[in-house]
Amino acid sequence: KFEEKWGALLKHPCSAEKPPPKNSEEQAKIVCRPLEYLHAQEMEGMGKGRFRGIGQKNRNHLIRSSVTTIINSGVIGIGLAIQLSAYEDIEHAAKAILGDPYYVCFQAVIVEAAIQSKMFLGENPHENIAFVFERNHIWELRLHEMYQRMIKEGLGPRYRMGALTFAEKKEFMPLQAADRLCYELYKNFVEQEHRPQLDRLESWPQ
């Protein structure tokens, strides 16, 4: 259900079927040809790459429609941020147990995913979860290390920790939805920008 709707956005990225008055039909077809993926950061402002050429109206359409698709498809979002000033106030001995801020966030996301999965998998502890993260050559090794640390701490069976894999956004559409949520959380917590997109995502129970 989610991929069908998201795929329709990629196939028809322009909200208006008719081309702008100054453009020919052929130019409009080139500008509005299907996209490989949606990337939140590239859609903002004047747009970057392919997203610049489709125009502001269509970028706004993709932003609104991507959020609508997430909400209407029943996708469950898990987002987390840690306040560094509060983390720095923790005693050194406690930090050694908790791990660095990245590990704290990573562990919390894995744990919350396992908790939310019970509505789909039930209480059966033998059905593990395969986690798919966006491919990133800098972070892949670090994510593997944090994942293995959780397993060594005995959390694997409790939180159904199965395979950990990586994929490109264009190969795995749910990563594009996760990208939208991450971007909105970043704008809210780091840049202190209150955006209607995050309000819409948070207003939906999931």
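## Cysteines and aromatic rings

The structure holds one disulfide, a term used here for a pair of cysteine sulfur atoms within 2.5 Å. The model is predicted: local features need pLDDT of at least 70 and side-chain atom pairs count only at pLDDT 80 or more, while totals for chains, interfaces and linings use all residues. Residues are numbered from 1 along each chain as its sequence is written, and side-chain values use heavy atoms, with hydrogens and water left out.

Let's begin with the bond itself. Cys 14 and Cys 32 are the partners, with sulfur atoms 1.9 Å apart. Cys 14 sits in the loop between α1 and α2 (25-31), and Cys 32, 18 residues away, in the loop between α2 and α3 (40-43); helices are DSSP runs of H or I, at least four residues, numbered from the N terminus. The link is left-handed, with -95° about the S-S bond. Cys 14 is buried at 9% relative accessibility, whereas Cys 32 is partly exposed at 25% (buried means under 20% relative accessible area, exposed over 50%, partly exposed in between, with a 1.4 Å probe and protein chains only).

What about Cys 105? Its sulfur is 11 Å from the closest cysteine sulfur, in Cys 182, so the two are too far apart for a bond.

Now to the rings. There are five aromatic pairs, counted when ring centres of Phe, Tyr or Trp (its six-membered ring) lie within 6.5 Å; planes under 30 degrees apart are stacked, over 60 edge-to-face and the rest tilted. One of them, Phe 2 with Trp 6, is tilted, at 5.2 Å centre to centre and 35° between the planes. Phe 106, Phe 131, Phe 133 and Tyr 147 form one aromatic cluster.

Technical notes
Helix = DSSP H or I, 4+ residues; strand = E, 2+ residues; numbered from the N terminus.
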